[in-house]
Amino acid sequence: MRLISSIKEMSALSERWRREGKTIAFVPTMGYFHEGHLSLMREGRRRGDVLVVSLFVNPIQFGPKEDLNQYPRDLERDKALAQKEGVDVLFVPKQEEMYPSGFQTFVEVTELTQYLCGLSRPGHFRGVTTVVTKLFNIVKPHIAIFGLKDYQQYLVIKRMVEDLNFDIEIIGYPTVREADGLAMSSRNEYLSPEQRKSALSLSQGLKLAQALVNAGETNVQIIVNRVTNFIKQFPYTQIDYVKICDPETLEDLTEIKDKALLALAVKIGRARLIDNTILEVKK
Ligand code: AMP
C-alpha cells in the first residue's frame, strides 16, 4: 500500500491508471477506521482494479461549535487496517494543500440539504459536497462507495453527481452494526460505558417503528411520538430529530404508503449520533 499526501502525486497516479485502462474504486473517509469503513473498502476491492481510500478530516464540514478538534485520529492504526484490506493507496491530503489561502469556491446542493442534518448543521453538506468534488477531481474514480448510515449524505452526493455530470457510479453500502445493533461510527469513541447503553436507543427505536408498521400503523405522527418517547426514556439522550420522510426527496410524510425513511439524530453526551432505516409497509 502506498501512502500519498501530495495532490499532484495522487492525481498523476490516477491519470496513469486510467491510461492503463484500470477501474478506480474510491472510498472517502475521515479515518479512525471501524468495520463500517472496512466493509466499504472490501466492496471497493471487489468492484475496482485499484482501490483508493482517502483519509481527510474536512474542516469545512464542521460547524464552529462542533467536534473538529476532538475528532478521533490514529493514522498508524488506520494505515495497518487499510493495508490489511488490500487498499492500493491511502490518500491523506494536507489541510493547507486542500484549502490554501485564497480558497473561495464551494459546491452546493440546494434542496436535499434543507432537511434533517442540513437544518441542524448549517453549512455541513456544502462542506461535504465541496470536499467530495475536490477528491473526485484528484482521484478520478470510476466508482465511489458511500455508507447508507449517512443516508442524506448519500442522496446529496448522488444528486450532485447527476446534476454536475460527474462520470462516477455512486454505490450505497448498508449500515454495519455492532452485535447489539449500534451503528458503527467513529464518534462512538466519545461514549462512556453508561452512554453506550443509551446509544442503543437509536437502533432499538428504529426496530420499534418497523414493528409498529408491521402491526398496521401507518400514521407518521403516532410512530414519531412513540419513537421519541422511547428514546427519551434512556438517560443522557437529547433528541435532535426523529423524522419520517420520503426516501428520495426527504419531504415530510403524514402517512406511510409504501416506503418511508425514518431518520434519527440524538446527542448522547458529546456524541451526536445518527441512524436510519427504510420503513416498509408489507402488503
Ligand atoms: P466517515 O469517516 O464517518 O466520514 O465515514 C466514511 C464513510 O464510511 C461514509 O461513506 C460513511 O457513510 C461510511 N460509514 C460510516 N459508518 C458506517 C457504518 N456503520 N456502516 C457503513 N458505512 C459507514
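**Exercise 1.** How many residues has helix α2, and how far does α2 reach from its first C-alpha to its last?

*Solution.* Start with the source. This is a predicted model, where local features need pLDDT of at least 70, side-chain atom pairs count only at pLDDT 80 or more, and totals for chains, interfaces and linings use all residues. Residues are numbered from 1 along each chain as its sequence is written, and side-chain values use heavy atoms, without hydrogens and water.

Helices are DSSP runs (H or I, at least four residues), as are strands (E, at least two), numbered from the N terminus. Helix α2 (residues 35-47) has 13 residues. Its reach is 18 Å, close to the 18 Å expected at 1.5 Å a residue. The expected span is 1.5 Å times one less than the number of residues.

**Exercise 2.** Describe how α6 and α7 pack.

*Solution.* Take the axes, which are lines fitted to C-alpha atoms over the stretch in contact, with angles from 0 to 180 degrees between N-to-C directions. Those of α6 (residues 124-139) and α7 (residues 151-163) come within 11 Å and cross at roughly 55°. Next, list the contact (heavy atoms within 4.5 Å). From α6 come F125, V128, T129, V132, T133 and F136. From α7 come Q152, Q153, V156, I157, M160 and V161.

**Exercise 3.** Is L250 buried or exposed?

*Solution.* Locate L250 in the loop between β7 (237-245) and β8 (259-268). Buried means under 20% relative accessible area, exposed over 50%, partly exposed in between (1.4 Å probe, protein chains only). L250 has 1% relative accessibility, so L250 counts as buried. Now check its neighbours. Leaving out residues up to four places away in sequence, L250 touches several, among them L112, Y151 and L261.
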